[in-house]
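Visitor: Could you walk me through this one? I'm new to it, so please spell out the terms as we go.
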Amino acid sequence: MSPKGKEGSEFFSQDGFAHDGFGDMSDREKQIYQGGVQKFNQLGWKQLTIVLIVEAVALGTLSIPSTFATLGMVAGVICCVGIGLIAVYTSYIIGQVKVKFPHISNYPEAGRQMFGRIGYEVVYMMLCLELLLSAGSHCLTGTIAFVNITGSGICTLVFGVVSMIILLLFAIPPSFSEMAVLGYIDFVSIIIAVGITIIGTGVESSNSIGLSAVNWSAWPKDNLTFSEAFIALSNIIFAYSFALCQFSFMDEMHTPTDFPKSIWALGLMEIFIYTVTGGLVYAFVGQDVKSPALLSAGPLLSRIAFGIALPVIFISGSINTVVLGRLIHGRIFKNSNIRFINTKMGWITWLVVVTILTVLEFVVAEVIPFFDDLLSVISSLFVSGFTFYFPAIMWFMFIRNGSWTTPTNISLTVINTIIFIIGLIVLVGGTYSSIVDIINSYADGSVGGVFSCTST
């Protein structure tokens with residue numbers, strides 16, 4: 001690959017070097033440059049599928065059963081399948097945009113393509129906050145897991161610090177091809193943990209009250225409030241939030257046009273896992289299902305399930321730190337070979353960046369110490385844009401071809417307009433609902449205070 005590389009990429013071409021070959025670079029600088037390009041250009045479509053799985057199939061799975069308890073079996077299944085198909089479609093739009101504009105190396109660059117410098121800065125801040133909050137939710141889940149596994153009275157802050165350290169260690173590899181290796185462990189981990197939860201809840205329910213006596217319903221729960229419904233819906237949306245990192249992941253693909261294979265493989269897999277997990281655990285446990293779902297398996301099995309789920313909690317959390325770290329590190333050192341993280345100074349600065357970010361994630365976990373509301377905040381403020389209204393805008397601006405009056409364009413115009421509206425509704429309604437529920441949770445004492453030792 002030539003030094004001109006992926007034109008416009010923060011990692012490969014916004015480098016300040018001359019555009020006629022290697023310019024005035026020394027032989028050592030040329031080696032670093034070429035090594036950096038090779039390091040960040042190794043993903044195939046199967047590896048892309050794995051890193052998307054690491055990004056997507058994690059905490060979302062653990063929150064789905066409780067959303068079924070809120071929305072009911074019918075609405076839960078419809079939302080899981082419907083939102084999943086929308087996510088696959090908008091992810092396909094993102095892939096088309098990346099192929100059409102190879103220089104778009106991450107979502108902020110897509111913001112620049114849409115709205116210029118202001119678009120870049122706004123989307124950059126949105127993506128940074130989303131990734132920070134998402135990784136913070138993994139730190140929170142790690143704390144919940146350790147509390148459940150140990151059953152001890154140790155201050156939860158201690159487990160929070162332990163979770164923070166583990167997240168930091170997994171975030172050290174800077175390239176997504178390296179993270180893909182961990183992704184296989186991640187995927188096996190969540191499948192086994194969910195399987196144990198499904199089997200465990202089914203057996204326990206059958207032995208105690210009998211499956212026919214479980215208080216599940218096809219319809220929403222009684223006295224369902226607006227905020228409860230929207231938080232449940234937002235948690236399903238969070239589960240399909242893989243589009244936000246897609247530009248970054250595809251930027252490391254050696255054959256970006258292979259992306260549809262990854263999108264469909266991931267999308268169909270997610271729809272199946274979420275719908276089956278949500279429906280079966282809710283059918284086995286009923287209205288008493290807990291969130292994260294692993295808490296519903298009973299004392300012993302939930303400990304086993306959480307122990308097996310530890311890799312997915314921390315590997316999936318750390319990939320958010322890696323994406324965020326790459327955004328920040330690449331921007332700070334965009335005019336230097338340091339950004340390739342293949343020199344001593346590159347590694348030192350990378351470790352400083354990911355350490356600071358991981359500490360901030362720990363702070364997030366302690367400031368918003370409740371699982372469902374944290375996921376809802378993330379979905380409402382950020383995933384609503386990255387998964388819904390931004391891709392819809394991209395279709396209108398970059399993908400639509402030919403006359404507006406063709407049957408295909410009329411259909412896609414209607415579809416993308418609806419997706420855009422859905423995104424705005426989630427942004428406004430979900431944010432309002434999350435704020436209301438967080439205020440109520442603190443007011444009624446159902447959660448501990450900020451940086452407290454009370455059980456999460």
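Visitor: What is Tyr240 in contact with, leaving aside its neighbours within four places in sequence?
Guide: Tyr240 is in contact with Cys80, Ile83, Gly84, Ala87, Glu270, Ile271, Tyr274 and Thr387, where contact means heavy atoms within 4.5 Å. This is a predicted model, in which local features need pLDDT of at least 70, side-chain atom pairs count only at pLDDT 80 or more, and totals for chains, interfaces and linings use all residues. Residues are numbered from 1 along each chain as its sequence is written, and side-chain values use heavy atoms, with hydrogens and water left out.

Visitor: Which residues touch the most other members of the largest nonpolar core?
Guide: Tyr240 is one of them, along with Val97, Tyr107, Phe249, Phe386, Phe390 and Met394, in a core of 121 residues. A nonpolar core is a set of buried Ala, Val, Leu, Ile, Met, Phe, Trp, Tyr and Cys residues joined through side-chain atoms within 4.5 Å, and buried means under 20% relative accessible area with a 1.4 Å probe, protein chains only.

Visitor: And which helix gives the most to this core?
Guide: That is helix α5, residues 107–150, which gives 18 residues.

Visitor: Okay, zooming out: how many helices and strands?
Guide: The protein has 14 helices and zero strands, helices being DSSP runs of H or I of at least four residues and strands runs of E of at least two, numbered from the N terminus.

Visitor: How much of the protein is buried?
Guide: Of its 456 residues, 57% count as buried.

Visitor: What comes after α10?
Guide: Gly286 follows α10, and the phi of Gly286 is positive, near 85 degrees.

Conventions. Buried means under 20% relative accessible area, exposed over 50%, partly exposed in between (1.4 Å probe, protein chains only).
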